[in-house]
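Please look over the model below before reading my comments. They are set out as numbered points.

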Amino acid sequence: MTNSWTDLQNSRCFLIAGSNCAENHPIAMRWINRARDKGAKIIVVDPRFTRTASQADIFAQIRPGTDIAYLGAIIRHILVNKLYDKDYVLNYTNALYKVSKGYKFDAGLFSGFDAKGKKYSIDTWGYQLGPDNKPLKADSLEDPDTVFAKLQEHFSRYTFDKAEKITGIPAAKIKEIADTFCQAKPATILYALGMTQHTTAVQGIRSYAIIQLLLGNVGKAGGGINALRGEPNVQGSTDMANLFNSLPGYLPAPIGTDKTLRDYLVRNGSIQEKPLVALLKAWFGQSATKENDYCFNYLPKYNLSVNASMVRIFDLMNKGQFKLLINIGSNSLVSIPNRQMVRAGLAKLDMLVVSDLFEIETAQFWREPGVNPAEIKTEVILLPAAFVYEKDGSLTNSGRWIQWKDAALKPLGESKPDLEVLDSLFRRVRQLYQGSTDPKDEPVLKARWDYGQEPSALKVLQEISGYDETTGKLLPTLADYLKAPAGSVSTGCWIYTGVTGNGNLAARRKNGDPSGLGLFKDWSYAWPANIRILYNRASCDANGQPVDPERKLVWWDPVARVWSGNDGPDVVDKTKGPDTPEGKQSFRMNPEGVGRLFAAKYTSGMPVTPPADNLSPIGLRPAGLCVDGPLPEFYEPVESPTSNLLHSEVSSNPLVVIPATVPGIQKVGKPEDFPYVLTTYGVVEHFCAGGVTRNIPVLNELMPGPFAEISKNLAQKIGAQDGDTVEVASARGKLRVRCLVTDRLQTYKVNGKDTETIGIPWGWGFASLSPGPGANELTIGALDPGAGTPEYKACLVNIRRV
Amino acid sequence: MKVSRRNFLKLSGLSLTALATGLGLDPEIAQAKGYALKTEGSQKLPSICHFCSGGCGLLLYIKGDRLIHLAGDPDHPANGGTLCPKAASLRHVAYAQERVTKPRRRAPGSDKWEEISWEDALDKVARKIREVRDSSWKGSEQLPDSKTGRPVSYAVNRAEGIAMLGSAEVDNEESYLLKKFSQILGTPYNEHQARI
């Protein structure tokens, strides 16, 4: 979230699209309803009439996976009718920047497409640069080279009528959504997995960013783009980078060709030197010195072409690459799409180690009904894990609040916190390597790893927050880290710096809210630097004064010559006023310092003359890129009932990834055989893969099992009554559940043709007190090329009454 | 004190206890004694909900080392004492009969679990980590040079045979140690739910 749960009360309008927060994030509704009491409007776009939709002023039923089509129409509407916030667009976005002359978009493809490699060469996606290597800016938005002009041209194809034919939402309703959302300020967008579980995931969210930047809603109380994250600590675990391609604090992980720290900086900019060195100091302590490149060579270097994201790991497992899987707090046999990949993959391991509260499906894959245990040679170790309230530690919520809790109970039976298990395992492994002189074992032997005999979670959080390595004292604040020279400080995750600097700030419990804006600055600690609303510099005008007198977040104090406010100012330097280059930057994490309507290839601070010694030059900060285009484009899901109305020859994402090392494991179905669209989702009574909730009797009573939700028309067509058993089949698998015949799903028109969506809640499996068939028997592991997110939300199925 | 119909009904629920303890039927005394809540005398400890990313505050009522009641934390700014049905059910996890309470091992080809000690479990896993790390070690690999495109040998330091999954379900400190552990061992193959 750019903002927070408690900030939702400040909004005048909500576009909730890709989230059923009334069921999956009930706390959201507490704050949305407060805003509604003050007159805010609620717009819900969803494939089903959900419980959230029941609270909406405007509801639109959409065909799964077609969001970019209607969002594109909203962007076009904003541009054509000049509904954008002109000052904001000119000052805080790259609208005026001149795009490279070679940039082009034609027939579904951006310039630089390499059909053989299924990737883009992105050299033409940059800016026109001046002799100082800085982007050229036009004088007005009328200039045909500007980002703004490219935006107008790109989205000119997205008319309301075209969007209706693609999405199934009537054109008049899309216009009503556009008008309602554009008229209310501030307005916010809420989304969750309904937007991300597509092969166009990243570009869908890019569409949100473009809308919110054009309307000037980012950085404001009641505005922003709020990703409602799905698990108790998924924000924290993303910050800590349990992801193959990053290191804690959103540092890129090193790749094979990064021989040295310098090579790494050539790719990633000098801005990453301090956090990476601080991380290496946290991990290798005194062993990491300037002379030995801070032990950079100790880190594993991943192979770019392997792209080992979650689904791909199971693909590699099927190939036999992994002998050992250590699986902590994760139930892949239920949660991974096309679960036959998981079933077959786990059987290829020598050893599977599972740490969990319950005997989840993944731990007992060897005795799933239909599987012969004698044929499965995998040794399985199941470790009993302590629950959240049985251990000390912190969790980071969706609004980036790092909240500490002390253990309230002893772990049940012999169960142990994962912290203790990991600590114990590491120390045992180190013991096994004692005395080795093999260079490959140096990282294990030289790692800094001392959290006490009984490992202390607070000591770990202190390592994450960081130390002054000269004095051995805790780093008091993020500012202290930022001004220290590289190599003199350590931080395990630099964005958390300061959380334990002056006492354990994550444990703070002062719940006062003097501004009345829901900032709660003295409750726990929000990263970075306790800023509650990101990019809040953009809530001020060019003079540094708040544009919304009712929702003042930060301001420049011209007398004291400092940025101050109700929130922590999100500025480069609090003493640099709005008349300085630093003080103008509203998006300091972008190399341009402004919001990026067009995701251009660009690195700030590139030297004008290359280094004399024939080395590659190092810039300051490279831009984040989208691998499948600098602007969002609508592509059909991999399995779709129709072809792309904008460019039928490039129907789905041209960069889509479908890992299938074992031939035939990821079959793609055709609409002739599988005419209906399946979408999967959760229910309020159960949580994710159900490992916990399906073992809680009261919840099983409330929601005993999965079902297939179908429209009355479809029920009539297949001769099914409410409650009948139906078989739902995709190209990959089939399952039997009872059908729920409902008005919540309606037949809709796609390009003039009647179309049906079927909905199945997904979180069931063969184990637990309440077993049931899992919808991931049907889904496809087709991945967004940038994020690696699978397309759970749209695939093709057939259905029949049994 | 006047005994209204409403008070009488309240009282009648207590009357058996009242009689049994020999208090007689003096409603004033019975009412004062009768409404001791099960939470009386318990210690209230705050915690955080473990479902969606709302981070709502929980209040755990602990009496004699046992969790006897769980409610929303009224001081928490986000939920102000409220809880959704899932969060409210969290007290059932503390003593759920289906919880795994001892380490278990399933031998290759076996159709059942056997209980093992923590010592044996951790020892087996640690030895397996070393075995797989050593046998699957990839010190270097041939990659195209960034300038010439020709294959060149680069040091990559990877334990190719070990993968680690997890987790959005554990605390920050645990998630961090998991990452640190995997990087020190040399496996970049650490993924988790945020990807999906």
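1. Conventions. This is a predicted model, in which local features need pLDDT of at least 70, side-chain atom pairs count only at pLDDT 80 or more, and totals for chains, interfaces and linings use all residues. Residues are numbered from 1 along each chain as its sequence is written, chains are lettered from A and ligands numbered from 1 in the order in which they are written.

2. Domains of chain A. An automatic or database assignment sets the bounds. It gives domain 1 (5–227), domain 2 (310–387 + 414–433) and domain 3 (676–801) of chain A. The C-alpha centres of domain 2 and domain 3 of chain A are 26 Å apart. Their contact takes 21 residues from domain 2 and 22 residues from domain 3 of chain A. Contact here means C-beta atoms, placed from the backbone, within 7 Å.

3. The domain 2 side. α13 (310–319), α14 (332–335) and α15 (340–346) of chain A are the elements that give two or more residues to the side touching domain 3. The largest share, three residues, is that of α14(A). Helices are DSSP runs (H or I, at least four residues) and strands likewise (E, at least two), numbered from the N terminus. By class, this side of domain 2 of chain A has eleven nonpolar, five polar and five charged residues. Ala, Val, Leu, Ile, Met, Phe, Trp, Tyr, Cys and Pro count as nonpolar; Asp, Glu, Lys and Arg as charged; the others, Gly among them, as polar.

4. Chain A against chain B. Here 130 residues of chain A contact 102 residues of chain B. Helix α16 (residues 418–433) of chain A gives the most to the chain A side, with eleven residues. That side divides into 72 nonpolar, 37 polar and 21 charged residues.

5. Strand pairing between chains. β12 (residues 324–328) of chain A and β8 (residues 162–165) of chain B pair in the parallel sense over four bridges. Pairing requires at least two DSSP bridges. L325(A) stands opposite A163(B).

6. A sheet in chain B. Three strands form an open antiparallel sheet, in the order β1-β2-β3. Its edge strands are β1 (43–48) and β3 (66–72) of chain B. β1(B) pairs with β2 (residues 57–63) of chain B over six bridges. I48(B) has G57(B) as its bridge partner.

7. Helix α9(A). Of its 14 residues, 13 are buried (20 or more other C-beta atoms within 10 Å of the residue's own, C-beta atoms being placed from the backbone). Just after α9(A), G216(A) takes a positive phi of about 70°.

Key: A residue is buried if 20 or more other C-beta atoms lie within 10 Å of its own, exposed if 12 or fewer, and partly exposed in between; C-beta atoms are placed from the backbone. Two residues are in contact if their C-beta atoms, placed from the backbone, lie within 7 Å.
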